[in-house]
Amino acid sequence: MLKKLVPRQSVKTIYDIDADHLWGFGIRGIITDLDNTLVGARDPQATPELIEWLKRVQQLGFKVVIVSNNNHGRVSAFAKPLGIPFIHRAKKPANVSFHKAMQLLGTNARQTAVIGDQMLTDVLGGNRMGLYTILVQPISIGDEGFFTKINRRIEKLALSMMKK
């Protein structure tokens, strides 16, 4: 079970992801979390830097979809101005939202990467589906909700068990 919590790649931020390498590896679709992955959990809009990053990966040929456990209002208000499809209340790590996202992307598991800040939702869900998982450090831990804070404690415990 602990192996499913280990991402294929860990980076500080999405800006540290080598998109050319992903493309060369055969990745064509990106499923990304929203809160604390793309922006802080309380940031309502994309930053100029994020907009540029999204343009770059799309120019390379990647398709992008946002998959978030957050509510429709939050995810819609963020994704619609960017023209990015989204899935809200995804119930990650459940498989259903990952399947739905791949249908939106037109990709299969070998062609799809998942980017997120949580091992228990993004990495576990992606690994269970055989996707290429990338863990980023959370942008703003102080803005996280109750359940995310619980997940972080479980992640710490899992990391300490993996080190032993």
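## A first look at this predicted protein

The protein exposes about 8700 Å², and carbon and sulfur atoms supply 55% of that area (accessible areas come from the Shrake-Rupley method with a 1.4 Å probe, and for residues only the protein chains shown count as cover). This is a predicted model, where local features need pLDDT of at least 70, side-chain atom pairs count only at pLDDT 80 or more, and totals for chains, interfaces and linings use all residues. Residues are numbered from 1 along each chain as its sequence is written, and side-chain values use heavy atoms, leaving out hydrogens and water.

Let's start with the overall layout. The protein has 6 helices and 6 strands (DSSP runs numbered from the N terminus: helices are H or I with at least four residues, strands E with at least two). From the N terminus, the order is β-α-β-α-β-α-β-α-β-α-β-α. Of the 164 residues, 48% are buried (under 20% relative accessible area, with a 1.4 Å probe and protein chains only).

Now look at helix H3, residues 72-79, whose buried residues are Arg-74, Val-75, Ser-76, Phe-78 and Ala-79. Their cover includes the elements below.

| Element | Residues |
|---|---|
| Helix H2 | 48-60 |
| Strand S3 | 63-67 |
| Strand S4 | 86-87 |

Finally, helix H4 (residues 95-105) packs against helix H5 (residues 119-129) at an angle of about 70°, with axes 10 Å apart (axes are lines fitted to C-alpha atoms, for helices over the stretch in contact, and angles run from 0 to 180 degrees between N-to-C directions).

Definitions and conventions. Buried < 20%, exposed > 50% of the residue type's maximum accessible area, 1.4 Å probe, protein only. Contact = heavy atoms within 4.5 Å.
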